[in-house]
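This briefing concerns the arrangement of secondary structure elements in a predicted model.

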Amino acid sequence: HKKLLGTSNSLKLKNSYYRTGDLVEFIEDKKFRFLNRKSEMINVGGYKVNPHEIEEVIININGIKDVIVFGRKNSLLGNVIIANVIKTKVKDELELQNLIKKTIKDKLQDYKVPQKINFVDSFGLSRTGKVEKI
């Protein structure tokens with residue numbers, strides 16, 4: 001909102017809001033929380049899915065060290081959800097995979113359950129040092 005950001009010559013104003021591509025949630029007057037960039041949303045069968053929402057659920061499961069959620073093109077659904085997971089050494093992969101799917105089904109909509117869960121040792125980094133979502 002222009003009251004929060006002031007004036008800008010590089011962004012266009014529409015109804016007192018700048019269209020930055022960021023998705024935010026207003027918590028209370030003059031306070032908001034950054035949720036995601038619009039470009040990071042995953043289209044699954046017409047539903048817009050925020051990968052960070054799924055990551056928040058998975059990262060809080062015992063046995064998970066880190067997680068990256070992203071979409072992969074699919075001719076039927078547009079995209080399917082993929083989760084690359086770094087687990088702690090003690091957890092069995094099949095047991096953990098079932099726990100991840102059950103936990104997401106309990107907390108989120110069915111279309112947010114990853115179609116594929118890959119267990120990896122680390123995440124690759126791009127030339128700029130960002131985690132690659134492949």
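In this predicted model, an open sheet is formed by 3 strands, arranged in the order β7-β8-β9 with mixed pairing. The edge positions belong to β7 (64-74) and β9 (116-119); each has a single partner strand, so one side of each lacks a neighbour in the sheet. From one strand to the next, the twist averages 25 degrees.

**Strand pairing**
- Strand β8 (residues 78-87) pairs with β9 in the parallel sense, and the pairing extends over 4 bridges.
- Within this part of the sheet, A83 stands opposite I117 in β9.

**Helices on the sheet**
- Helix α2 packs on the sheet and touches β7 and β8. The direction of α2 makes about 145 degrees with that of β7.
- Helix α3 also packs on the sheet, where it touches β7, β8 and β9. The direction of α3 makes about 140 degrees with that of β9.

**Helix-helix packing**
- Helix α2 spans residues 51-59 and helix α3 spans residues 93-107. The two pack at an angle of about 120 degrees, and their axes are 10 Å apart.
- The two helices, α2 and α3, are therefore oblique to each other, and their crossing is right-handed.
- On the α2 side, the contact involves I54, V57 and I58, which meet I100, T103, I104 and K107 in α3.
- By residue class, the contact of α2 with α3 comprises 5 nonpolar residues, 1 polar and 1 charged.

Conventions
Residues numbered from 1 in each chain as written. Predicted model: local features only at pLDDT ≥ 70, side-chain atom pairs only at ≥ 80, totals over all residues. Heavy atoms only, no water. Axes fitted to C-alpha atoms, helices over the stretch in contact; angles between N-to-C directions. Parallel < 35°, antiparallel > 145°, perpendicular 65-115°, else oblique. Left-handed = near helix turned anticlockwise from the far one by under 90°. Contact = heavy atoms within 4.5 Å. Nonpolar A, V, L, I, M, F, W, Y, C, P; charged D, E, K, R; others polar. Pairing = 2+ DSSP bridges.
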